[in-house]
Amino acid sequence: MNVLKDVQSFFLSSPGEKRVIGRSLFGRGIYAIKLGHGAPAGIVQYAIHGREFITSYLAFEHFRRGGVCGSVWFVPLANPDGAMLSAKGLVSAPKEKRAELLAFNGGNKDFSLWKANGRGVDLNVNFAAGWGTGKSNVFVPGSENYVGKAPFSEPETQALKAFTEEVKPDYTVSFHTKGEEIYWRFRQKGMRAYRDYALAKSLSFSTGYPLGEAEGSAGGYKDWCVEKAGIPAFTVEAGREDAAHPLGAAELKDIVRKCKNAIADLSYSVKRATRSRGKKNG
């Protein structure tokens, strides 16, 4: 399984609007593919953690199934360097970076559990939403949980930030592994919390995954979308809890079965919620 080549092939062969929204630390493309037109608009990103690259293949399924209301941009591989380190090891990194990466990994040549990018930064704690305040945050480079030198210090998070600000989506979804749980809350209150909870429940109904609380977490893409953009945003932890990281092809069938309709179903729920708000405001 070579996830980078598979994503590149999917990107090149897919119809419709598509873009390279940025480059990773090692210069690899971060690809986005658009499905549909108009509102509501969504962004769905996958594999922001290296070892969770199996979710990239779920992105292919979501795009192929279609059926969305409005438009959705799919970002199948938000962390290409980390995914390749997890899947292929040090040989996937530039030669001049290998000694440093080995040190970041505690001298362990096994990178299969690597979550971070090519600088040892965990991209999902590098966003400006409670940055550096998460209970599991660390402040030195490593395989996971390092927040980076500052919010958006990494080219991958910079790319996702700029793309999100350009698209101005009505909602976002981030697919991770594992645990079969959905997170939706990040400090929102009042009617925003009511709105986001209702949409999270619809996502739960579509996947069969229960809603959960990521207590003490901060600095994630979902968190930033909720806090800074004021939109509903969700993290979906796909895959059975008893499966071992990194989840492989054997787990994909079950993930697809449970999550295949998630984005299409959510897009219609967002549309209904928008109409409902419009009627109340009218």
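Predicted model: local features only at pLDDT ≥ 70, side-chain atom pairs only at ≥ 80, totals over all residues.
Residues are numbered from 1 along each chain as its sequence is written, and side-chain values use heavy atoms, with hydrogens and water left out.

Helices (H or I, at least four residues) and strands (E, at least two) are DSSP runs, numbered from the N terminus.

What does S5 pair with? Two strands pair if DSSP finds at least two bridges between them. Strand S3 (residues 41-46) is joined to S5 by five bridges, and the two run parallel; Ile43 has Thr172 as its bridge partner in S5. Strand S8 (residues 233-238) also runs parallel to S5, with six bridges joining them, and here Thr177 has Ala238 as its bridge partner in S8.

From the strands we can turn to the helices. Two packed helices are described by the angle between their axes and the distance between the axes. Helix H5 (residues 155-167) and helix H7 (residues 221-229) pack at an angle of about 35°, and their axes are 12 Å apart; the axes are lines fitted to C-alpha atoms, for helices over the stretch in contact, and angles run from 0 to 180 degrees between N-to-C directions. The contact, which means heavy atoms within 4.5 Å, is made by Leu160, Lys161, Thr164 and Glu165 of H5 and by Tyr221, Trp224 and Cys225 of H7.

Lys222 is also found in helix H7. Is Lys222 buried or exposed? Lys222 counts as buried, because its relative accessibility is 6%. Leaving aside neighbours within four places in sequence, Lys222 is in contact with Tyr183, Trp184, Arg185, Phe186, Ala233, Phe234 and Thr235.

Next come the charged pairs. Side chains of opposite charge can pair when their charged atoms come close. A salt bridge is a side-chain nitrogen of Lys or Arg within 4 Å of a carboxyl oxygen of Asp or Glu, and a search of the whole structure finds 18 of them. One of these joins the side chains of Arg185 and Glu213, at 3.3 Å from N to O. Arg185 lies in the loop between strand S6 (181-183) and helix H6 (190-207), and Glu213 in the loop between strand S7 (211-212) and H7, so this pair ties together parts that are 28 residues apart in sequence. Arg185 is partly exposed at 40% relative accessibility, and Glu213 is partly exposed at 44%.

Another salt bridge joins Lys258 and Asp254, at 3.2 Å from N to O. These two residues are separated by about one helical turn, because they are four residues apart in helix H8 (residues 249-259). Asp254 is buried, with a relative accessible area of 18%, and salt bridges that share partners join Glu180, Asp254, Arg257 and Lys258 into one network. In a further pair, Glu227 and Lys228 form a salt bridge whose closest N and O atoms are 3.6 Å apart; Glu227 is partly exposed at 30%, whereas Lys228 is exposed at 51%.

Last, the backbone itself deserves a look. Most residues other than glycine have a negative phi, and most peptide bonds are trans. The peptide bond from Ala39 to Pro40 is cis, with omega near 0°, and Pro40 lies in the loop between strand S2 (29-36) and S3. The peptide bond from Thr177 to Lys178 is cis as well, with omega near 10°, and Lys178 is placed in the loop between S5 and S6. Asn145, in the loop between helix H4 (98-104) and H5, has a positive phi of about 75° although it is not a glycine. Arg187 has a positive phi of about 70°; this residue is found in the loop between S6 and H6 and counts as exposed at 53% relative accessibility.

Key:
Buried < 20%, exposed > 50% of the residue type's maximum accessible area, 1.4 Å probe, protein only.
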